[in-house]
Amino acid sequence: MIKAVIVINTEGKPRLAKFYEFQPVEKQQELVRSVYGVLCSRAEIVSNFVETDSIFGPDSRLVYKHYATLYFVFVFDSSENELAMLDLIQETLDKCFKNVCELDIVFNYTKLHTVLDEIIFGGQVLETNSAEVMKAVEEITRLEAASNSITLVPKSVSGWRSR
């Protein structure tokens, strides 16, 4: 089960934090700070897998990918495969954001939420095929664009009509 997805910049500022187990806001902030503390103290040449029993409790693991100024972090239990999680981060983000940078996340946060919602529901991984995820995201984006292009104009005093 996925416990959390966190995106943190290299200065420790969280850009996204989704917890799939209830945590009070103060605890979420503490967990994000702890994760950042672990990540920023790691050398570049070590693996992207970290045991996080001391942070998230027993049977917790963390996998991360460092892109430019961002850390993309998945926290999960032993029922998930570490390599599959890393592959999921790499493949999906590469297809979704070409060259992932902090501005992509800041200005396209809804797209990132949509991608995560296609992959994870209630802490369970629903889809691991990045092509399927991207197909669903493109369809949602197309539908949102179509719904945004509908304009309501006054029909009469009693109602509205679409243009």
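**The cavity and the helices around it**

Let's start inside. The lining of the largest cavity has eleven nonpolar residues, one polar residue and no charged ones. Here Ala, Val, Leu, Ile, Met, Phe, Trp, Tyr, Cys and Pro count as nonpolar, Asp, Glu, Lys and Arg as charged, and the others, Gly among them, as polar.

A word on the source. This is a predicted model, where local features need pLDDT of at least 70, side-chain atom pairs count only at pLDDT 80 or more, and totals for chains, interfaces and linings use all residues. Residues are numbered from 1 along each chain as its sequence is written, and side-chain values use heavy atoms, with hydrogens and water left out.

Back to the cavity. A cavity is a set of points on a 1 Å grid, over the protein atoms alone, where a 1.4 Å probe fits but cannot get out; lining residues have an atom within 4 Å of a point. The structure holds one cavity of 30 Å³ or more. The volume of the largest cavity is about 80 Å³. Volume is the space filled by probe spheres set on the points, and grid points are joined across faces, edges and corners.

Which residues line the largest cavity? They are V5, V7, F72, F74, L88, I89, T92, L93, L112, V115, L116 and I119. At least two lining residues come from each of β1 (2–9), β5 (70–77), α3 and α5. Helices (H or I, at least four residues) and strands (E, at least two) are DSSP runs, numbered from the N terminus.

Now the helix pairs. Helix α3 (residues 82–97) and helix α5 (residues 109–119) have axes that come within 12 Å and cross at roughly 140 degrees. Axes are lines fitted to C-alpha atoms, for helices over the stretch in contact, and angles run from 0 to 180 degrees between N-to-C directions. The contact uses L88, T92, L93, C96 and F97 of α3, and K111, L112, V115 and I119 of α5. Contact means heavy atoms within 4.5 Å. By class, that is seven nonpolar, one polar and one charged.

Next, α5 and helix α6 (residues 130–148). Their axes come within 10 Å and cross at roughly 130 degrees. On the α5 side, K111, T114, V115, E118 and I119 meet V133, A136, V137 and I140 in α6. This contact has six nonpolar, one polar and two charged residues.

Last pair: α3 and α6 pack at about 35 degrees, axes 9 Å apart. E91, T92, K95 and C96 of α3 touch S130, A131, V133 and M134 of α6.

Conventions:
On a 1 Å grid over the protein atoms alone, a cavity is a set of points where a 1.4 Å probe fits but cannot get out, and a pocket is an open set with protein on both sides within 12 Å along at least five of seven lines; lining residues have an atom within 4 Å of a point.
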